[in-house]
Every structure is written in structure tokens, then in C-alpha cells.
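Please open the model in the viewer and keep the selection panel at hand.

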Amino acid sequence: MTKKISVQALQSETPLVFELSRAGRTGYDLPKYPPELQPTAALGNLARKKAPRLPEMSENQVVRHYTNLSVRNHHIDKDFYPLGSCTMKYNPKVNEQMASLPGFSALHPLQPAVTCQGALEVVYLLSRALAEISGLPAVTLQPCAGAQGELTALLMFRAYHIKHHGKPRRRVIIPDSAHGTNPASIVIAGYEVQELPSGSDGLVDLNALKNVLDDDVAALMITNPNTVGLFESRIAEITKMVHGVGGLVYMDGANLNALLGIARPGDMGFDACHINLHKTFSTPHGGGGPGSGPVAATSALEPFLPTPVVRENDGTYSWDWNRPDSIGHVHAFFGNFAMQVRALTYILSMGRDGLRQTSEAAILNANYLRVKLEGAYEVPYNTPCMHEVVLSGDRQKARGARTADIAKRLLDYGFHPPTVYFPLIVHEALMIEPTESETKETLDEFIDVMLKIDGEITANPQLLHDAPHTTPVRRLDEAAAARSLDIRYFKDR
Ligand SMILES: *Cc1c(COP(=O)(O)O)cnc(C)c1O
């Protein structure tokens with residue numbers, strides 16, 4: 001267990017005392033049972049012979065330790081977190097309450113369906129809600145991330161072409177603004193990536209698309225609104241062109257935050273999309289999970305959905321395992337079920353009108369930031385945006401501070417930085433997604449800070465090069481932190 005670390009200690013790189021454990025100190029004792037009722041009695045010779053080596057601390061110390069840790073990092077319950085493409089919206093606490101109801105949290109995945117009808121009803125209702133929201137009737141909740149949803153749908157596309165035309169096609173087209181998971185999923189699904197240059201308006205260039213379409217194209221995979229925050233206004237034409245050569249069209253619907261109750265991927269001609277519950281539907285994310293990336297698809301793709309699929313018959317729910325054309329399982333059991341409970345809670349508590357209001361407010365907030373910041377920061381595609389706005393730090397770079405410096409300086413003011421250097425087609429990109437869950441006062445504070453930082457660059461760029469000044473740790477070697485991760489408590493194991 002680590003000690004609360006003072007800012008000065010880390011900044012002066014003084015060796016720290018991390019160990020808080022003291023032999024014999026306890027936080028909690030198990031009740032003293034008679035020997036025959038000891039919880040370990042049933043384990044027989046599987047019971048531990050020796051106590052595990054765990055830190056020995058008082059309950060008080062443990063609570064303080066985790067409370068202190070929780071505020072050393074930035075999180076959505078602490079302050080504004082405008083991380084573009086991630087939809088870091090507030091996670092209503094009622095979602096957590098529902099997910100922790102014993103009837104949900106104490107279930108075993110191998111329990112017979114007759115004993116957990118309520119849980120199956122959650123799966124069924126959420127599937128129906130996502131079908132309605134996306135305009136695509138066939139839904140699986142199994143994928144546990146957006147990236148896994150992409151892979152699932154691409155494997156379904158592959159199975160579809162094999163079933164109907166005897167062999168899979170070879171290429172999948174993605175725009176040059178695509179999210180990094182898109183090319184990765186394409187390659188893992190056994191396809192070749194074909195990149196499509198965006199037009200000068202930041203949208204798909206129809207002529208460029210026409211030039212790459214042929215009968216070896218399995219699919220076009222695009223994000224709408226795209227990663228520069230713009231709605232693909234010619235989407236109906238685009239999906240029609242791809243269908244014209246027998247290809248399928250996939251929407252990266254990780255962020256549906258601009259579309260709820262306003263527009264549906266199915267109505268735009270898409271064949272499938274994934275939907276990140278851990279973005280649009282207010283379930284928590286960060287630190288690598290848990291996530292949930294359901295896929296919605298047309299009825300023509302339904303036979304290929306992962307197995308099992310939930311069915312309803314006269315108010316009774318069951319799992320359908322008999323699906324000969326299915327691509328199989330993509331996740332253990334039925335996906336991250338607690339995330340499904342949270343998302344359904346959110347959808348039901350918002351209702352149809354509430355969901356539409358969500359998207360309208362998300363779009364309004366992003367445009368508010370765009371208009372307030374366009375004087376100081378370059379907006380490369382300066383037309384009304386959707387739920388996020390992409391700025392370029394080119395002007396600031398010319399004055400001596402890069403986007404990375406701006407991002408670090410924002411931490412000093414208590415805000416999480418926006419997404420930086422993505423999409424790749426914008427120089428020094430700053431991708432800001434305010435979400436609907438922020439007040440005008442918070443947005444105004446953020447705007448003031450962004451303008452103030454712009455002024456600081458003119459006055460003293462070094463101040464930004466040295467930022468952050470107030471965080472527990474300064475600039476980290478992020479690559480080393482990811483590659484040489486050390487999460488062991490004891491050095492000798
Ligand atoms: C977040 C995101 C993804 C990937 O979702 P994960 O759950 O992180 O795998 C894919 N595409 C876009 C546009 C995203 O924003």
C-alpha cells in the first residue's frame with residue numbers, strides 16, 4: 001500500500017517510503033466459529049495452510065489510502081473530462097444501485113434460465129431498446145468493447161458473404177480519419193485495409209469512394225458523425241454506392257451521443273453498427289474496462305449473430321443456442337451483464353424524449369465551445385459540428401507551445417485535457433467533447449482557461465513546457481509506463 005505522496009516529494013524525486021503495512025495490525029477479524037462451522041471446513045485439504053501475505057493495516061488506513069488514490073487521478077466525479085471520442089459523461093448513481101441489486105449481482109452465469117427470468121428480461125429489453133435507437137433489429141450484447149463489436153460485425157459480414165456467395169471478399173475501406181481500432185479489427189478479421197482520403201470539407205469524397213469500389217470490397221466502415229465531429233450529409237448516397245457493388249456498410253457507432261432520437265444508422269442504410277454502452281449510455285469506463293459494445297444489424301445478418309441470442313415467448317425468456325450460421329461465441333457467457341443493467345437503467349430513466357434531449361444538449365454544448373474558442377484556436381472544419389469539436393493547435397505551435405503542452409497545462413487548472421493528436425488528419429489536433437452533462441458555468445470556466453492558456457503561450461511558453469506544475473507526478477514516460485508495467489506488491493514474486 002502506498003503512502004499519500006506529497007507533491008514536493010515527487011517533484012524533488014526524493015526516495016519515498018511506500019510501505020504502510022505493519023506486522024500484526026488488523027482492520028477486520030472474521031467471527032470466531034466453532035471448528036465444524038469454520039468457512040474453511042468445507043474446503044478440506046484445499047484450505048490454505050498458511051495465511052496469505054497481505055498488507056496488514058487498520059480499516060482507517062485502508063479507507064484513507066483508497067480515498068487519496070481516487071483523487072490523485074482525474075475522473076468524471078471530480079471535474080470536467082472533455083476527452084473527445086470517449087463521451088466521458090456523468091454516470092448516474094442510480095445505474096450503480098440497479099446493477100448491485102442482489103437479484104442481478106448474485107447470479108451465476110450457468111444458472112438455468114427459469115431461475116433468472118428478470119436478468120433475461122434485462123437482456124431482451126436492452127436489445128429491443130438498442131434496436132429501436134439504431135433502427136437495426138438484430139442485436140447482440142456479447143461484445144465487451146467497441147473494438148470487439150467491430151470485430152464481431154466484420155466476422156458476421158465475412159460469414160454473410162461466404163453463405164450467400166460462396167467466398168469472403170478481400171478488402172474493407174476506411175476513411176483516413178478512422179479510429180485506430182478500425183484498421184486493427186479489419187486485419188484481425190482477415191481483411192485488407194483500404195484507406196480513403198477525406199475531402200477538403202472533412203467528409204467522404206464520393207469520387208474517391210467510387211474509384212475504390214469493386215466486387216472485392218467486403219465493406220465500408222465509417223464513423224458518423226465522423227471523427228472531425230461532422231455529420232456525413234451524403235450518407236444515404238454512400239451506403240447505396242457500397243450496396244451497389246454487393247458490399248456491406250458498417251457504422252462505427254461507438255459514440256451515438258449526437259444521434260439519439262434524432263437519426264438512426266439503420267435508416268441511413270447501414271447494415272450493422274456497434275454501440276458503446278460505456279460512452280453514450282452512461283456506464284463507467286476507463287482503466288481498461290469493463291466495457292460493453294453491443295452490435296445491432298439488419299435482419300439479413302441476424303443468423304450470423306453470436307450465440308446464444310435471447311428469445312421471448314408469451315412472457316417467458318430463453319436462450320436460443322440452435323443457430324447453425326452463427327459466428328459462435330465472442331465473449332464468455334453473455335457479455336458484461338452489469339453494464340447492460342446500467343445502460344437499461346439509463347435508457348428507461350431518460351425515456352424517449354430524454355434521450356433526444358441528451359443529444360440536442362451534447363450538440364449545443366460542442367458548438368458553444370466551438371464558437372467561443374474559434375477566435376483563439378484554429379477550427380479546421382469550421383461548420384456547425386455534432387457532439388464534439390476538433391481544434392488545431394497550429395497557431396499556438398507557431399508561438400512556441402505544442403498541443404501536448406496545452407494538454408498538460410489544462411491539468412494545472414483541474415481539467416482533464418481533450419483527446420490530442422487525433423484524428424490524424426488534423427495538425428496538432430485537440431478533440432473536445434463536452435457531453436450534455438455539464439453546466440454552462442463549467443463550459444465557461446473551461447473556455448476561460450483555454451483562452452488564458454493561449455495568452456500564457458505568448459507571455460511565457462516555458463511555463464507550458466514545464467507543465468503540469470500541480471499534479472502528484474509531472475510528465476511521465478507514457479510508453480515505458482505501458483510497456484514496463486509493474487503491478488506487483490512484492491518484488492520477490
Ligand atoms: C471508443 C471508440 C472505439 C473503440 O471502443 P472501445 O470500447 O474502446 O474498444 C471505436 N471507434 C470510435 C470512434 C471510438 O470513439
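Helices (H or I, at least four residues) and strands (E, at least two) are taken as DSSP runs and numbered from the N terminus. The model on display is predicted.

**The ligand and its shell**

Select the ligand first, then the 13 residues that surround it; Ser-85, Gly-146, Asp-252, His-278 and Lys-279 are the closest. Colour this shell by class to see three nonpolar, seven polar and three charged residues. Next, highlight helix 6 (residues 146–165), which contributes three residues, the largest share of the shell.

A polar backbone atom of Gly-146 lies 2.7 Å from an oxygen atom of the ligand. In the side chain of His-278, an N or O atom is 2.7 Å from a ligand oxygen, and for the side chain of Asn-255 the corresponding distance is 3.3 Å. Of the 380 Å² that the ligand exposes when taken alone, the protein buries 87%.

**The largest cavity**

Turn to the cavities, of which four have a volume of 30 Å³ or more. The largest has a volume of about 110 Å³. Select Val-123, Thr-140, Leu-141, Pro-308 and Trp-319, the closest to its centre among 13 lining residues. Helix 5 (117–134), strand 1 (138–140) and strand 8 (309–313) each supply at least two residues of this lining, which comprises ten nonpolar, three polar and no charged residues.

**The second largest cavity**

Finally, centre on Pro-175, Ser-177, Ile-222, Asn-226 and Glu-232, which lie nearest the centre of the second largest cavity. Its volume is about 90 Å³. Strand 4 (residues 217–223) provides three residues, the largest share of the lining. By class, the lining has eight nonpolar, seven polar and two charged residues.

Methods. Residues are numbered from 1 along each chain as its sequence is written. This is a predicted model: local features need pLDDT of at least 70, side-chain atom pairs count only at pLDDT 80 or more; totals for chains, interfaces and linings use all residues. Side-chain values use heavy atoms; hydrogens and water are left out. A residue is near a molecule or strand if one of its heavy atoms lies within 4 Å of it. A polar contact is a pair of N or O atoms within 3.5 Å; within protein, one must be able to donate a hydrogen and the other to accept it, and residues adjacent in sequence count only if both atoms are side-chain atoms. Accessible areas come from the Shrake-Rupley method with a 1.4 Å probe; for residues, only the protein chains shown count as cover. Ala, Val, Leu, Ile, Met, Phe, Trp, Tyr, Cys and Pro count as nonpolar, Asp, Glu, Lys and Arg as charged, and the others, Gly among them, as polar. On a 1 Å grid over the protein atoms alone, a cavity is a set of points where a 1.4 Å probe fits but cannot get out, and a pocket is an open set with protein on both sides within 12 Å along at least five of seven lines; lining residues have an atom within 4 Å of a point. Grid points are joined across faces, edges and corners, and a volume is the space filled by probe spheres set on the points.
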